[in-house]
Amino acid sequence: MKIFIMFILLICSCFASTISVIKVEAMHCPLCTTAVKKAIKELDGIEKVSVILNTKEVTVTYNDKTNLKDILTAIKTTSYEGVEISTQRQ
């Protein structure tokens, strides 16, 4: 029974997602948000990206195929700097 429970927990952890909210202060127009969103979506493991220009926040849902460092690096390729506000694992 213990082996079965451990197996189920292992399977569930493989499908867990992480949600990070990132501040990208320099975004100032819709083209900026599109560039940032496109750069992040090119990474493996990205499940969802939402960019809100008014708050200058990017919310990214991703799995274990990528990590926050890779996402921040992708943002940097657009000439913007991202700063992590929060990250939570689901």
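Let's start with K56, which is found in the loop between strand 2 and strand 3. Helices here (H or I, at least four residues) and strands (E, at least two) are DSSP runs, numbered from the N terminus. The phi of K56 is near 60°, a positive value in a residue other than glycine.

A quick word on where this comes from. This is a predicted model, in which local features need pLDDT of at least 70 and side-chain atom pairs count only at pLDDT 80 or more, while totals for chains, interfaces and linings use all residues. Residues are numbered from 1 along each chain as its sequence is written, and side-chain values use heavy atoms, with hydrogens and water left out.

You'll find S79 in the loop between helix 3 and strand 4. Is S79 buried or exposed? Its relative accessibility is 68%, so S79 counts as exposed. For the cut-offs, buried means under 20% relative accessible area, exposed means over 50%, and partly exposed is in between, with a 1.4 Å probe and protein chains only. The C-alpha atoms of S79 and A26 are separated by 9.2 Å, and these two residues are 53 apart along the chain.

Now let's zoom out to the whole chain. It has three helices and four strands, and reading along the sequence gives the pattern α-β-α-β-β-α-β. Of the 90 residues in the chain, 36% are buried. Take the contacts between residues at least 6 apart in sequence: 66% of them join residues at least 24 apart. Contact, by the way, means heavy atoms within 4.5 Å.

On to the sheet. What is the order of the four strands? They form an open sheet in the order 2-3-1-4, with antiparallel pairing. Two strands pair if DSSP finds at least two bridges between them. The edge strands are strand 2, residues 46–52, and strand 4, and each of these pairs on one side only. Neighbouring strands of this sheet are turned by 15° against each other on average, direction ignored.

Five of its six residues, in the run 18–23, are buried, so strand 1 is largely enclosed by the rest of the structure. It pairs with strand 3, residues 57–62, in the antiparallel sense over six bridges, and K23 has E57 as its bridge partner there. With strand 4, residues 83–89, strand 1 also pairs in the antiparallel sense over six bridges. In strand 4, E84 is the bridge partner of I22, and Q88 stands opposite I19.

At 15% relative accessibility, T61 counts as buried. Leaving aside neighbours within four places in sequence, T61 is in contact with S17, T18, I19, G45, I46, E47 and K48.

Last stop: the helices. How do helix 2 and helix 3 pack? Helix 2, residues 30–41, and helix 3, residues 68–76, pack at an angle of about 135°, with their axes 8 Å apart. Axes are lines fitted to C-alpha atoms, for helices over the stretch in contact, and angles run from 0 to 180 degrees between N-to-C directions. Helix 2 and helix 3 are therefore oblique to each other. On that scale, angles under 35 degrees count as roughly parallel, over 145 as roughly antiparallel, 65 to 115 as roughly perpendicular, and the rest as oblique.

Which residues make the contact? Helix 2 brings V36, A39 and I40, and helix 3 brings I71, A74 and I75. These residues divide into six nonpolar, no polar and no charged. In this grouping, Ala, Val, Leu, Ile, Met, Phe, Trp, Tyr, Cys and Pro count as nonpolar, Asp, Glu, Lys and Arg as charged, and the others, Gly among them, as polar.

That's the tour, friends. Happy to go back to any part on the screen!
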